[in-house]
2 protein chains.
Amino acid sequence: MSDYRAPLKEMQFLVEQAVAATGVHSIEELAEFDMETVAAVLEAAGEFAHRGLAPLNPIGDAQGCGFADGKVTTPEGWKAAYDQFCQDGWMGLALPTDFGGQQLPKFIAQPVNEMWHSANLSFVMFHALNQGCSEILLRLGTQEQQDRYIAKLISGEWTAAMALTEPAAGSDLGELKTKATPLADGRYLIKGQKIYISYGEHDLSENKIHFVLARTPNAPEGSRGISLFAVPTYRIDGDGSLGEFNDVLCTGIEHKTGLHGSPTCSISYGDNEACYGELIGSENRGLAAMFILMNEARLAVGLQGVALGELAYQKASEYARERTQGAHYQTNARRVPIIQHPDVSRLLLSIKSQVFGQRALGYLIAALVDKSEHCREASERDELEARIALLTPIFKAFATEQCNWMAGAAIQVFGGMGFVEETGVAQIMRDARITTIYEGTTGIQAKDLLFRKMLADSGSALESLLSDIDQTAAKLKATEGMTSLGGNLSGATYALRAIVKQAITSQNLLQLNAGAVAMLEALGFLTSAWQLGESALRAQTELEQQRDAKFHRNIIALAKFHDAHCLPQLHARLSTFSQAAAGIAEYSFDE
Amino acid sequence: MSDYRAPLKEMQFLVEQAVAATGVHSIEELAEFDMETVAAVLEAAGEFAHRGLAPLNPIGDAQGCGFADGKVTTPEGWKAAYDQFCQDGWMGLALPTDFGGQQLPKFIAQPVNEMWHSANLSFVMFHALNQGCSEILLRLGTQEQQDRYIAKLISGEWTAAMALTEPAAGSDLGELKTKATPLADGRYLIKGQKIYISYGEHDLSENKIHFVLARTPNAPEGSRGISLFAVPTYRIDGDGSLGEFNDVLCTGIEHKTGLHGSPTCSISYGDNEACYGELIGSENRGLAAMFILMNEARLAVGLQGVALGELAYQKASEYARERTQGAHYQTNARRVPIIQHPDVSRLLLSIKSQVFGQRALGYLIAALVDKSEHCREASERDELEARIALLTPIFKAFATEQCNWMAGAAIQVFGGMGFVEETGVAQIMRDARITTIYEGTTGIQAKDLLFRKMLADSGSALESLLSDIDQTAAKLKATEGMTSLGGNLSGATYALRAIVKQAITSQNLLQLNAGAVAMLEALGFLTSAWQLGESALRAQTELEQQRDAKFHRNIIALAKFHDAHCLPQLHARLSTFSQAAAGIAEYSFDE
């Protein structure tokens, strides 16, 4: 099995698509980031992903992390790769130059992040944490706090970790119990137990800054009484150098089914009453702070879905080209490469087309974020933010749900060999399994989508999206050979509108809650079909210019495949949504 | 987590349903097996599954098998459980009393086997092998061969193994190269390498009888030149006692993602030219012999899908009852058991209803097999066999595809805890992953279904099934509260007929091959809905008699849930089937 190679042409094609769709290239601050820059960055990242990170992926899976006496050791090769990753400047790719970053827009950082996730998801998890926690500091931290932390997070001397979950407070953070007691000097004494902290402890950086959610004394109950604190493993002296141990003790790491190379830590804060933290932002506004990171993280996790799907495709298609078995379905020639069996082609194109559609969506969201961040006109920014808010839960949940299916489909292509660990495809299945859970489960994304993003504004953000999709459909209908793509796409928006209209006035909370995931999946299929339709139109234009016929014909083929094999599921999901309460209330789980 | 408990009431309900549907109780030879007998057998088996086998399941997963110097060691406790299993008479449950078996009909053995699969799939794989290979001997072996092997396979002194696959001959057995050279004394000298042999070597029984597919000199090429041989690990002397080592060397075991407790062996036959086997049946008829076992095995693997789905349900529903998190969707009460969240109910009922539907189908097939085996009227037997042949690939592939989804859904209910191995749900995902592959992949089942079982007879076996389903639909339509179940069911058969009519005359081999799995899945949803409809009707009758209201109301609720959440997917699959070639021929995999 050869290691992951970044699909540079496809990535570049879809970056261009996102840039064109959003008009982000016309923003003054972003004008310098032309497609040549994109190509150069992607190529360099692709090289490091291929040579530097991918070879460590099976090693991390086989070795896992070690734990003894409160210390975590990462797998062989991790530390050298980490140093290289930092030295090459990847850590601060999308962070400000003021602190040593590269300040690239997200529409370039997004495909780069995708590469890291494909090449070695376990390894690179620290990156999203350093990136996300830096963004929290940029938005909410004092200048002093920014100066204290961000440059070190970019250089990689320190890493960040998110400490949210407690044994009794998972999806519902309002239940958390960790305490933060203010001291006279402005610091807080932190005490509590947290679990599921990725890279909470490890041997890659000299210090780890934990971003800890905790309650101050007399804070309101529930989620309105949570504050955010920066809690370093080693205290930071006035000159920024490391001081004493800060009573942040790793008490163990989880034995997980996947992501073996990424240490998932349990941490005990303040066992000896000597754990100090500093408040980030205001008291009781911790959850809002965390949402900055959560939105970032949701985009990152959706992208992990795309990235693992891509990896699954690469492994399965390589195997299917090489493995000979069985007779050709038409010619009866024997011992053909299994890629020629239509059912194997079907599995591969199911993966490929869905990866393509959701990748396009993920890149589009990144460009929308860039645009909204530079947007000076309030009403336009509101619209952009509404669009981002609508698309984010779809992308997070749908891309990850699909990638679980894709990992299974890739194993299926391998047959019995896929069940054997040596081939590496089983690792994709195991690694992928967390993506529909962390940073908010699929069920939570679906509720967010349905209640907050679709129904709270009586469907207006959705309607704006649907009318964009209808425009794509109209262009497809007017294009020779794509009429039925257009027809099916507008058929989908038509069906969706009818169902959503009912939902807006529905009082049936059971139906809405039980149907939320079906609705999210319907929108997942729709957004993929929309983006593939856009891609097919652009590919057609390129073909007319006689450019790269095979590549562009393949894109059109993917759109047609998806239209036949995936989009029909939208209608099934809508049908389920509208009758989702059936049987649930009558069923007694008290069996 | 408590261990698996057999769902005795549901099993009994569905055995009764299968018995009633087939009228198998009116067969003279089976008249003694009344529902009291069924209950007694199921209860005893359930007890052993719960106490004897389930506790070993996580141990097998954690320890796996050992391999050194050609010998395999099974996990701790395996040997004692094996001895108990044999001593209690479970090995020969459905084998003739002549050889020490219990000769129970399959409609009783089927739920018992389901229990073994749920409790500890890795452990119990030897049972299906002993059962299946005994059936081959009963059908094709000489009296001498039957006498030599069957009693020992039933007592468990010996075990059977199937040696089919070679590195270059997986799904296409016609490619196999293992040689069998006839000797003057009637024996054959065996030489070759086989892989993926479950329980090919282990420490549970004193001898292992390998059923090896091999080629005699000058045998025709391909699958018409394959013969079947019984090849013991230790030679068998004239008096049945064990002789010398038969040059059957285990060269290694696979490192698999699941089924760790089941040794998957590579075996080298005749490295020292001293491996002898005896022909079973006639030369060049090996594949036909193997199909006896394969049909049996397909039913067993479909049942594994049901069994793992049941286990997933039990674990997830237990956790969901105990875990408190979040607010109630209607009352806003805090810290409710997560089973009260509609999306969690949805996940659980998706598992439960589909397990129920496919379990019903699996038990029905078992009863049909019993009936056909005792049927004396040729035309009736042909019809029964055609029905069994039609339903078997649907059951094998659909129940296993669904169980992979179910295992994922169960992990989803656990959230982050599901990703941690200690909870045991991740093991279900890993174990389940092979079920869509071994004994013929989903793709192969789908081709068998579409070309051989649906189209070869121009749809007549299918039409007979559909008209039975229409009868169920008509009864539902005439039952208060079930009208729409009936309408949706007959809508499904209507849609299917229209599509199949086109397929019968279609020359589009690409479309048929690429759409075969979609068609199989459509029939999977349909057969589940049909069986659930039958169950709902029977439950309604019981309710009218005031019997066990909660249990029977739950069954009706499951039917309604499935109708809303699962059956709509049939229409999506049919839509995909009819346009399944889209994009495939145009796509160039030569990327």
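Reply: Two residues are in contact here when heavy atoms of theirs lie within 4.5 Å. In this predicted model, that criterion applies to helix α4 (residues 78-87) of chain A and helix α5 (residues 106-140) of chain A, whose axes come within 11 Å and cross at roughly 85 degrees. Since angles of 65 to 115 degrees count as roughly perpendicular, α4(A) is therefore roughly perpendicular to α5(A). From α4(A), the residues A:W78, A:A81, A:Y82 and A:F85 take part; they meet A:W116, A:N120, A:S122, A:F123, A:V124, A:F126 and A:H127 of α5(A).

The contact between the chains involves 87 residues of chain B and 87 residues of chain A. Together the two chains bury about 7,600 Å², of which 56% is on carbon and sulfur atoms. On the side of chain B, B:Q412, B:F419 and B:F589 contribute 11% of the area buried against chain A, more than any other three residues.

Polar interactions also link the chains: there are 44 residue pairs in polar contact, both at pLDDT 80 or more, and eight salt bridges. One of the salt bridges joins A:E175 to B:R335, with the closest N and O atoms 2.6 Å apart. Helix α16 (residues 549-565) of chain B provides nine residues, the largest share of the side of chain B that touches chain A.

Note on methods: Residues are numbered from 1 along each chain as its sequence is written. Chains are lettered from A and ligands numbered from 1 in the order in which they are written. This is a predicted model: local features need pLDDT of at least 70, side-chain atom pairs count only at pLDDT 80 or more; totals for chains, interfaces and linings use all residues. Side-chain values use heavy atoms; hydrogens and water are left out. Buried area is the accessible area (1.4 Å probe) that two parts lose on being put together, summed over both. A salt bridge is a side-chain nitrogen of Lys or Arg within 4 Å of a carboxyl oxygen of Asp or Glu. A polar contact is a pair of N or O atoms within 3.5 Å; within protein, one must be able to donate a hydrogen and the other to accept it, and residues adjacent in sequence count only if both atoms are side-chain atoms. Helices (H or I, at least four residues) and strands (E, at least two) are DSSP runs, numbered from the N terminus. Axes are lines fitted to C-alpha atoms, for helices over the stretch in contact, and angles run from 0 to 180 degrees between N-to-C directions. Angles under 35 degrees count as roughly parallel, over 145 as roughly antiparallel, 65 to 115 as roughly perpendicular and the rest as oblique.
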